[in-house]
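Student: I am new to this structure. Please take me through its salt bridges, one part at a time.

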Amino acid sequence: MSVTSFIHVNKAENDDFDLEIFNREIKKKYPETEIEQSKTALFSYDICWENYEEPYQFTLRMDKKRTTFAIEYFNSENRMRDYASFIVWLGLFLDREQELILCDENNGDTLMLSANTSVEDIEEWLGQLGL
């Protein structure tokens, strides 16, 4: 999918986000993932994870404050189901005590994420967006 989706934790900074654990877990779940961290202060999204191997292809970025994941691209054989699963999995690494918001690239449609949000709920939301 070439439409960017965002997962945002509703707080100014996410000091609890453990980048080391996340990097280790993403390499376990998606073994061919490349990680690039920018040292340039100009970029608001300073970390990029990319994987263009089978069965998943994605570009994922995270902002400097560790409050927002931007999923810029996602593709797989069962893309809607896998994309929804990917979103649920990413949400596990953000502070569930705060509001988690899933939104489209225009910020026109949002879905509040909770521990009870299912893969099916996210698939339905993605389907309503025409993805």
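Student: Is Lys-11 buried, partly exposed or exposed, and what is its relative accessible area?

Tutor: Lys-11 is partly exposed, with a relative accessible area of 21%. Buried means under 20% relative accessible area, exposed means over 50%, and partly exposed lies in between, using a 1.4 Å probe and protein chains only.

A word on the source comes before the rest. This is a predicted model, where local features need pLDDT of at least 70 and side-chain atom pairs count only at pLDDT 80 or more, while totals for chains, interfaces and linings use all residues. Residues are numbered from 1 along each chain as its sequence is written, and side-chain values use heavy atoms, with hydrogens and water left out.

Now the partner of Lys-11. Its side chain meets that of Asp-16 in a salt bridge, at 3.7 Å from N to O. The term means a side-chain nitrogen of Lys or Arg within 4 Å of a carboxyl oxygen of Asp or Glu. Asp-16 counts as exposed, at 59% relative accessibility. Side chains of opposite charge can pair when their charged atoms come close.

A search of the whole structure finds six salt bridges. Another one joins Glu-72 and Arg-61, whose closest N and O atoms are 2.9 Å apart. This pair links distant parts of the chain: Glu-72 sits in strand β5 (residues 68-76) and Arg-61 in strand β4 (residues 56-63), 11 residues apart. Helices (H or I, at least four residues) and strands (E, at least two) are DSSP runs, numbered from the N terminus. Glu-72 is partly exposed, at 30% relative accessibility. Arg-61 is partly exposed too, at 26%.

Next come the helices. Arg-81 and Glu-123 meet through their side chains in a salt bridge, 2.9 Å from N to O. Here too, distant parts of the chain are linked: Arg-81 belongs to helix α2 (residues 79-91), Glu-123 to helix α3 (residues 119-128), and 42 residues separate them. Arg-81 is partly exposed, with a relative accessible area of 30%. Glu-123 is partly exposed at 22%. Glu-120 joins in as well: Arg-81, Glu-120 and Glu-123 form a network of salt bridges.

Step back to the charges as a whole. The protein chain carries 13 positive and 27 negative side chains, and the centres of the two sets lie 5 Å apart. Lys and Arg count as positive, Asp and Glu as negative; His and the chain ends are not counted. Each charge is placed at NZ of Lys, CZ of Arg, CG of Asp or CD of Glu.

Where do these pairs sit in the fold? The protein chain has three helices and seven strands. From the N terminus on, its elements run β-α-β-β-β-β-α-β-β-α. The radius of gyration is 14 Å, close to the 14 Å that the globule rule gives for 131 residues, so the chain is as compact as a globular protein of that length. That radius is taken over C-alpha atoms, and the rule is 2.2 Å times the number of residues to the power 0.38. Buried residues make up 44% of the 131 residues.

Leaving aside neighbours within four places in sequence, Leu-19 is in contact with Gln-37, Ile-47, Trp-49 and Arg-66. Contact means heavy atoms within 4.5 Å. The C-alpha atoms of Leu-19 and Arg-66 are separated by 8.9 Å, with the two residues 47 apart along the chain.
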